[in-house]
Amino acid sequence: MAKHQQSTPEQQSVRVLKVGERVRHILSELLARGEAHDDVLRASNIAVTEVRMTPDLRNAKAYVKPLLGEDEAIVLKALRTNTAFFQKEVAQRLGLKFAPKLKFAPDESFDEADRIEKLLSDPKVLRDLDDEE
């Protein structure tokens, strides 16, 4: 009887990251080629910035951002409406035992980066930074 090798947490997390990156590529490709039968998705340029997988690979949260940030709410609604199509395509292309359940969320990291940039360029902050040097 063959023993199952125990994988380390590091190996598991690397696998989770790799699968998440593969899902991101698949979703990006589907959106770039306009394969979803949805006029909103075909008319929009959407970036899939990150996909976070749960450790069991059963759930995936895809962070998306319409380029130029236009009509984000409409794009998210269209993505959520077409979730079944995306799940089916991801399942076929991944070849895993279980297809991950997809959820789409807006990517807030760009907004947060802008906020931090504005804070750092504030004259009061610049003055404090100059004092430290």
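In this predicted model, S44 is placed in the loop between helix 2 (39-43) and strand 1. With a relative accessibility of 17%, S44 counts as buried, because the cut-off for that class is under 20%. A polar atom of the S44 side chain lies 2.8 Å from the backbone oxygen of V40. The C-alpha atoms of S44 and A32 are 9.2 Å apart in space, and the two residues are 12 apart in sequence.

**Overall architecture**

- The secondary structure of the protein chain consists of six helices and three strands.
- Read from the N terminus, the order of these elements is α-α-β-β-α-α-β-α-α.
- The protein chain has 133 residues, of which 29% count as buried.
- The accessible surface of the protein chain is about 9,600 Å², and carbon and sulfur atoms account for 53% of that area.
- Among contacts in the protein chain with a separation of 6 or more, 64% are between residues 24 or more positions apart.

**The nonpolar core**

- The largest nonpolar core contains 26 residues, and V23, L27, F86 and F104 have the most contacts inside it.
- Two or more residues of this core are given by each of helix 1 (9-32), strand 1 (46-53), strand 2 (59-66), helix 3 (72-81), helix 4 (83-94) and strand 3 (101-106).
- Helix 1 provides the largest share of the core, namely seven residues.
- Which residues are in contact with F104, leaving aside its neighbours within four places in sequence? They are L27, A62, V64, L76, L79, R80, T83 and F86.

**Helix 3**

- The residues V75, L76, A78 and L79 of helix 3 are buried.
- Viewed down the axis of helix 3, its buried residues fall within an arc of 160°, and they therefore line one face of the helix.
- On the other side of helix 3, the residues A73, K77 and T81 are exposed.

- Helix 4 comprises 12 residues and reaches 16 Å from its first C-alpha to its last, which is close to the 16 Å expected at 1.5 Å a residue.
- The buried residues in helix 4 include T83, F86, E89, V90 and L94.
- Seen down the axis of helix 4, its buried residues fall within an arc of 130°, so they line one face of this helix.
- A84 and Q92 are exposed on the other side of helix 4.

**R24 in helix 1**

- R24 belongs to helix 1, and its side chain is joined to that of E21 by a polar contact of 2.7 Å.
- Apart from neighbours within four places in sequence, R24 is in contact with V48, T49, E50 and V51.

**L57 in a loop**

- L57 is located in the loop between strand 1 and strand 2.
- The phi of L57 is near 65°, a positive value in a residue other than glycine.
- Most residues other than glycine have a negative phi.
- Is L57 buried or exposed? Its relative accessibility is 7%, so L57 counts as buried.

- K101 is part of strand 3, and at 46% relative accessibility K101 counts as partly exposed.
- Not counting residues up to four places away in sequence, K101 touches R58, N59, A60 and Q87.
- K101 and V90 are 11 residues apart along the chain, and their C-alpha atoms are separated by 9.7 Å.
- E108 lies in the loop between strand 3 and helix 5 (109-120).
- E108 counts as partly exposed because its relative accessibility is 46%, and that class lies between the buried limit of 20% and the exposed limit of 50%.
- E108 and K65 are 43 residues apart along the chain, while 8.3 Å separates their C-alpha atoms.

Note on methods:
Residues numbered from 1 in each chain as written. Predicted model: local features only at pLDDT ≥ 70, side-chain atom pairs only at ≥ 80, totals over all residues. Heavy atoms only, no water. Core = buried A, V, L, I, M, F, W, Y, C linked by side-chain atoms within 4.5 Å. Buried < 20%, exposed > 50% of the residue type's maximum accessible area, 1.4 Å probe, protein only. Helix = DSSP H or I, 4+ residues; strand = E, 2+ residues; numbered from the N terminus. Contact = heavy atoms within 4.5 Å. Arc of directions from axis to C-beta. Polar contact = N/O pair within 3.5 Å; in protein donor to acceptor, adjacent residues only side chain to side chain. Areas by Shrake-Rupley, 256 points an atom, 1.4 Å probe, with all protein chains shown as cover. Expected span 1.5 Å × (residues − 1).
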